[in-house]
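Please walk me through this structure as a tutorial, taking one feature at a time and giving the general idea before the particular case.

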Amino acid sequence: MSARRIRLGATIDGNDAALIGCVVPLVDVVEITPDRWASFSRRQAPRVETPTLDVLAAIAAERTLILHGVGLSIASHDRWNDAYIGVLDQMFAHPLAIAWHSEHLSFARVDGEPLGTMVEPPWTQEALDLVAARINALQDRYGVPFLVEHVARAFREGEENEMSTADFLNRLCRKTGCGILLDVYNLECDQYNFSAEPSQLLDALDLDAVREIHVAGGVIHKGYKVDIHSRTLAPSTLALLDQVLGATRRVEAVIFEVLGEAIPSMGLDALTLELRRLRGVLDAHA
Amino acid sequence: MPMRETLALRQRRLLAAVKGRASGGGYFAAEELALLRETQLWWRRLGIMRACRFTPTLLAALGRLEDSVAEFVRDSPGADGIEAQRDLFLAHAARDPDALCAAVAATEAALLAVRENPDETARAISWPRDPEPVFAALLRGERPPQAFSDPFVVTVGPNGRLEWHRAEMALT
């Protein structure tokens, strides 16, 4: 039996040469958010400029490149965000060798109006059918694996739901063949904000569908643990990651998410130390 | 009722509730909406502070940034992309009842417009006071000092050059 190898990755949140120079040598996988690399001019549709594509191509020549979107709004009742699809079309048309891509299982727009954040849909058959059809369309359109990420909850699981979060995700994976991006920090947010024990999801989830894991450090803001990736990892996050890695078998990569805005205060030295610490955790599960 | 309408109705009610335009009720109990509101306002503030400098610095120095962003979110349809959102926010702030805030926002909007489109024509903006100490303070991230001053006119040229003079001089 060959040794398990879980790749280490990090987000590079925008075209920042110093950040790229720091992160690329330390990781196996670079995850980028297309929305943060695209230009949103007032006079034309969002697009990734050619020099930016060249930077991404240089990264992809050295490391596995994956995309993680925030702008698709895959669970909007009316339609997904066509402008974001335009950015994805442009990236997939370029020879960037994108290994896989992912998106949040959420809606961020209602009738075309941005909500300003990502919210989980109610776990209903209607939402399941809607999202499954869109995932199938994405997989047909781009021909690379697609993963969905559960967002930090906005609501308690209540009577509006026809199934649990885990049941929804399991059915979605069975209907489409997509994978799951498990966000360990989001589980901690749910635990802090809604007393939702991580084991509620983990015990019921098909863990073989989990192909990528996110870890991040955030803040408590006005009494809430907020899904904002601005800090290094808390010991509790590393402990939960260790637990999840012990329970999963098919994880391809663990990604440390950090906002570009947080880099000046965190510092590249701290980021380097964090990635080395994470590498140690992953090696322990090899 | 068709199933699609159920999801549509929920999302529309949530949008109205989160943006402070209507009470959510039931599923959108106020206690739970607080987290959602705080999260989206946090992201909006972050985006605005990333995309422009002088206006959020001034509003923060005056202790008004959170309220101003909340008003903007309530009154604006929002936009995709940080630049488009920035432009909407600056347009909102340029209507601020505080004349200095309005002037700073209008000037910053003009500077950004020129930077992104060399074909922009010159814009003249009325200021309630001498802009020089205001810009100096904002560049240091500080609240502009209180000062008695004549009104000024600031002109943002097509090349991005800033010029200013006392308003009285413009009238003579």
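**Reading the two chains**

A: Helix α6 (residues 99-116) of chain B lies across β1 and β2 of chain B and runs at about 160 degrees to β1(B). Axes here are lines fitted to C-alpha atoms, for helices over the stretch in contact, and angles run from 0 to 180 degrees between N-to-C directions. Helices (H or I, at least four residues) and strands (E, at least two) are DSSP runs, numbered from the N terminus. This is a predicted model, in which local features need pLDDT of at least 70, side-chain atom pairs count only at pLDDT 80 or more, and totals for chains, interfaces and linings use all residues. Residues are numbered from 1 along each chain as its sequence is written, while chains are lettered from A and ligands numbered from 1 in the order in which they are written.

Q: What is the strand order of the open sheet in chain B, and which are its edge strands?

A: Strands of a sheet pair through backbone hydrogen bonds, either parallel or antiparallel. Two strands count as paired if DSSP finds at least two bridges between them. In chain B, three strands form an open sheet in the order β1-β2-β3, with antiparallel pairing; β1 (123-127) and β3 (162-166) are the edge strands, each pairing on one side only. Neighbouring strands of this sheet are turned by 25 degrees against each other on average, direction ignored. Between β2 (residues 152-156) of chain B and β3(B) there are five bridges, and Thr155(B) has Glu163(B) as its bridge partner.

Q: How many bridges join β10 and β11 of chain A?

A: Four bridges join β10 (residues 217-221) of chain A to β11 (residues 224-231) of chain A, and the two strands run antiparallel. Val219(A) has Val226(A) as its bridge partner, and in this hairpin, with two residues between the strands, Lys222(A) takes a positive phi near 50 degrees.

Q: Which residues of chain B touch chain A, by class?

A: The size of an interface is often given as the accessible area lost when the parts come together. Counted instead by contacts (C-beta atoms, placed from the backbone, within 7 Å), 33 residues of chain B meet 35 residues of chain A. Helices α1 (3-18), α2 (30-51) and α5 (82-93) of chain B each supply at least two residues of that side of chain B, which has 17 nonpolar, six polar and 10 charged residues. Ala, Val, Leu, Ile, Met, Phe, Trp, Tyr, Cys and Pro count as nonpolar, Asp, Glu, Lys and Arg as charged, and the others, Gly among them, as polar.

Notes
Contact = placed C-beta atoms within 7 Å.
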